[in-house]
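Student: I am new to this structure and would like a close look at one part of it. Please take the pockets and go through them in order.

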Amino acid sequence: MEGLLLRAGAGGLTAPWPRAQALTTRRLVLEPLRPEHARELAPVLDDDALHAFVGGEPASEAELRARFTRQAEGQSPDGAQGWLNWVARDSETHAPVGTVQATISDADDRRSAELAWVIATTRQCEGLATEAAGAVMDWLRDDGVTRFVAHIHPDHGASAAVARHLGLAVTDERQEDEVRWVG
């Protein structure tokens, strides 16, 4: 099964998780994330403003490489979630502008994806997050994902706007300090 990871379930191997594939949009190329991307993404993500709503601080190149190595496995260590990650590149310059992530899970006979996006502050307000996450959503729908979720800080108006453009609706549910959006 090329492009798929079999996952472990209670009765042995069950339905496979998809593997991230290259995707293109009008202005972006989404390339499956690899550990080697840490070198070129470290300067793009080295911006305290990107952590204003999610906390923490920018990761070093070594920390990003370690994170990307785990993410590139394509699934959680227990096989309960599929991990798909992309670097978003400007299609004209090929420069990285951010990342998109989807965490896939199965529950209640339905496949869901939790989405997350990060776009460099120098490229925000161009609709790139909506374009990148929308491409991932369309691709995942073709793989049977029927529910999409995002967790967004209540004061993060830009990410809330992205979620609305993606067709997600705000709920009353909270996870830690973030509001759950579902569609």
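Student: By class, how many nonpolar, polar and charged residues does the lining of the largest pocket have?

Tutor: The model is predicted. In the largest pocket, the lining has 26 nonpolar residues, 18 polar ones and six charged ones. That lining is made up of 50 residues, and the pocket has a volume of about 1400 Å³. Nearest the centre of the largest pocket lie Leu50, Val54, Ala116, Trp117 and Val118.

Several helices and strands contribute to this lining. At least two residues each come from helix H2 (61–71), helix H3 and helix H4 (157–165), and also from the strands E5, E6 (96–107), E7 (110–119) and E8 (145–152). Strand E7 gives the most, with six residues.

Trp86 counts as buried because its relative accessibility is 0%. Trp139 also counts as buried, at 15%.

The second largest pocket has a volume of about 210 Å³. Its lining consists of 13 residues, with Ser105, Ala107, Ser112, Arg147 and Arg180 nearest the centre. E6, E7 and E8 each supply at least two residues of this lining. By class, the lining of the second largest pocket has three nonpolar, four polar and six charged residues.

Notes: Residues numbered from 1 in each chain as written. Predicted model: local features only at pLDDT ≥ 70, side-chain atom pairs only at ≥ 80, totals over all residues. Heavy atoms only, no water. Buried < 20%, exposed > 50% of the residue type's maximum accessible area, 1.4 Å probe, protein only. 1 Å grid on protein atoms, 1.4 Å probe; cavity = no way out; pocket = protein on both sides within 12 Å on 5 of 7 lines; lining within 4 Å. Points joined across faces, edges and corners; volume = space filled by probe spheres on them. Helix = DSSP H or I, 4+ residues; strand = E, 2+ residues; numbered from the N terminus. Nonpolar A, V, L, I, M, F, W, Y, C, P; charged D, E, K, R; others polar.
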